[in-house]
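Subject: Predicted model for your review

Dear colleague,

Please find below the structure that I am handing over to you.

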Amino acid sequence: MTRVAHAGVGGWGKNVVRVIGELTDLAWVIDTDEGRRAEYAARYPQATVTASFADALADDTVDAVAIATPVPTHYALAKQALEAGKHVFVEKPPAMRGEEMAELVELARTNDRVLMPGHLLLYHPGLRKVKELVDAGELGDVACVYGNRQNLGVIRSNENALWSLGVHDLSVILWLLGEEPSEVVAYGQDFVQPGIEDVVFCFLRFPSGKVAHMHLSWLDPHKMRKMTVVGREKMVVFDDMELERKVTVYEKSPWKRATTYGEWQTRSGDIFIPKISTDEPLRLECTHFLELIAGDGDRDKVARDGARVVRALEMLTTSLDG
Ligand SMILES: NC(=O)c1ccc[n+]([C@@H]2O[C@H](COP(=O)([O-])OP(=O)(O)OC[C@H]3O[C@@H](n4cnc5c(N)ncnc54)[C@H](O)[C@@H]3O)[C@@H](O)[C@H]2O)c1
C-alpha cells in the first residue's frame with residue numbers, strides 16, 4: 001500500500017486527509033498548528049503527527065506527500081518533496097508563478113515522480129459528462145464557455161477572488177477547450193480589504209477563436225457554481241447547486257431557414273437531463289493520484305495541465321494588476 005504523509009489539516013485539508021486515510025496508508029500528518037496536531041494525533045493513532053515536514057520526508061518508507069497548506073507555501077513544500085524522491089499531490093495552485101511551476105514539472109519529470117495539482121472539478125462526474133459531450137462533438141463546435149462562481153463569503157485575506165475561486169473554473173475551461181488562451185483581460189475591485197479583489201471578471205480568447213468568461217466573487221447575493229458551454233448545435237449547463245439536475249443539455253441553436261432569403265432563426269428542441277453519478281469528486285481525485293503512482297495513466301500530462309492553469313492565472317493577474 002502507498003504510504004502517504006499529509007501536510008495541512010485546515011478547512012479543506014481535513015477532507016483530503018480523511019479520503020487518503022480511507023484509501024491508503026496514512027503514515028504522517030504534518031501541521032504547524034499545535035491544536036490541530038493534538039486533534040489528529042487522537043484521530044489517527046497509527047500515524048506520526050508532527051510540525052516538521054522535513055522529518056516526514058526523511059522517512060524512506062513514505063512514498064508520497066499530499067499538501068493542503070496555504071497557497072504561498074505550496075511551491076517550496078512541493079519542491080522539497082520532489083527533491084526527496086516523493087510523489088506529490090498538491091492543492092491548487094501548486095505555484096504562484098509560471099516559472100516556479102515549470103521547475104516543479106521538470107523536477108517531477110526528471111525524477112519520474114507524480115506531480116498532481118488538486119484540480120477537484122476535473123473529477124466531478126457532472127463535469128466529466130460535459131467533457132464527454134464536448135469531446136464526442138455532441139454540442140457541435142464550441143463557441144464559448146462561461147463560469148459563475150459567486151457567493152457571500154468565504155472572504156479570504158491571503159488571496160483574491162481570482163486565485164481562490166478562479167483556479168477552479170480556469171482548470172475546467174482549459175480542460176474542456178484543450179487549448180491555452182492567447183489573450184486575457186481581467187478587471188476586479190477590492191471592496192472589503194485593501195489590495196484584495198473581492199469581485200473579478202475575466203475574459204479569455206483562444207487561438208481557435210473560442211472565448212470564455214469567468215465571474216468570480218465572494219460579494220454576491222447568489223450562491224452560484226455554474227458552467228455553461230455554448231455549442232453551435234447544443235448548449236449544456238453544469239450547475240453544482242442542483243441536486244438532481246447537475247447537467248442539462250439544451251437542443252438550442254441558430255439555424256438558417258432554407259425557405260426564406262437565408263435569415264437566421266433560432267431552434268429550440270428537447271431538454272435532456274443525463275443521470276450523473278454521486279461519487280465523491282475528492283475520492284475520485286485521490287484514487288487517480290494513487291493510480292498514477294502505481295503507473296496507470298499519464299503522469300506527465302497531469303503535471304503539464306497544471307502548468308497551463310498557472311500560466312493562465314499569471315496572465316490574468318498581470319491584466320488585473322495593470
Ligand atoms: N479543491 C478544493 O475544492 C479546495 C477548497 C478549499 C481550499 N482548497 C485549497 O486547499 C489549501 C488549504 O486551504 P484551507 O482552506 O484548508 O486553508 P486553512 O488555512 O484552513 O488550513 C491550512 C492548514 O495548513 C497548516 N499549515 C500552514 N503552513 C504549514 C506548513 N508550512 N506545514 C504544515 N502545515 C502548515 C495550517 O496550520 C492549517 O491547519 C489551499 O491551497 C486552498 O487553495 C482547495
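The parallel sheet

Six strands make up an open sheet with parallel pairing, and their order is β3-β2-β1-β4-β5-β6. The edges are taken by β3 (48-50) and β6 (115-118); each has a single partner strand, so one side of each is left without a neighbour in the sheet. On average, neighbouring strands of this sheet are turned by 20° against each other, direction ignored.

Helix α1 (residues 13-23) lies across β1 (3-7), β2, β4 (64-67) and β5 (87-91), and runs at about 170° to β1. Helix α4, in turn, lies across β4, β5 and β6, with a direction at about 170° to β5.

The contact of α4 with α5

Two packed helices are described by the angle between their axes and the distance between the axes. For helix α4 (residues 74-83) and helix α5 (residues 98-110), the axes come within 10 Å and cross at roughly 15°. Angles under 35 degrees count as roughly parallel, and α4 is therefore roughly parallel to α5. The crossing of these two helices is left-handed. On the α4 side, the contact is made by Tyr75, Ala78, Lys79, Leu82 and Glu83, which meet Glu100, Glu103, Leu104, Leu107 and Ala108 in α5. The residues of this contact comprise six nonpolar, no polar and four charged.

Tyrosine 75 deserves a separate word. This residue lies in helix α4. Is tyrosine 75 buried or exposed? Its relative accessible area is 18%, and because buried means under 20%, tyrosine 75 counts as buried. Leaving aside residues up to four places away in sequence, tyrosine 75 touches Pro94, Ala95, Glu100, Glu103 and Leu104. The C-alpha atoms of tyrosine 75 and methionine 101 are separated by 7.5 Å, although the two residues are 26 residues apart along the chain.

Backbone features in loops

Lysine 92 and proline 93 are joined by a cis peptide bond, with omega at about -20°; proline 93 belongs to the loop between β5 and α5. A cis peptide bond also joins glycine 153 and valine 154, where omega is about -10°. Valine 154 sits in the loop between β7 (142-152) and α7 (161-177). Aspartate 112, in the loop between α5 and β6, has a positive phi of about 50° although it is not a glycine. Aspartate 112 is partly exposed, and its relative accessible area is 45%.

Strand β11 (residues 219-231) runs antiparallel to β12, and five bridges join the two. In this pairing, valine 229 stands opposite valine 236 in β12. How many of the five residues of strand β12 (residues 235-239) are buried? Four of them are, so β12 is largely enclosed by the rest of the structure.

With kind regards

Terms used. Residues numbered from 1 in each chain as written. Predicted model: local features only at pLDDT ≥ 70, side-chain atom pairs only at ≥ 80, totals over all residues. Heavy atoms only, no water. Axes fitted to C-alpha atoms, helices over the stretch in contact; angles between N-to-C directions. Helix = DSSP H or I, 4+ residues; strand = E, 2+ residues; numbered from the N terminus. Parallel < 35°, antiparallel > 145°, perpendicular 65-115°, else oblique. Left-handed = near helix turned anticlockwise from the far one by under 90°. Contact = heavy atoms within 4.5 Å. Nonpolar A, V, L, I, M, F, W, Y, C, P; charged D, E, K, R; others polar. Pairing = 2+ DSSP bridges. Buried < 20%, exposed > 50% of the residue type's maximum accessible area, 1.4 Å probe, protein only.
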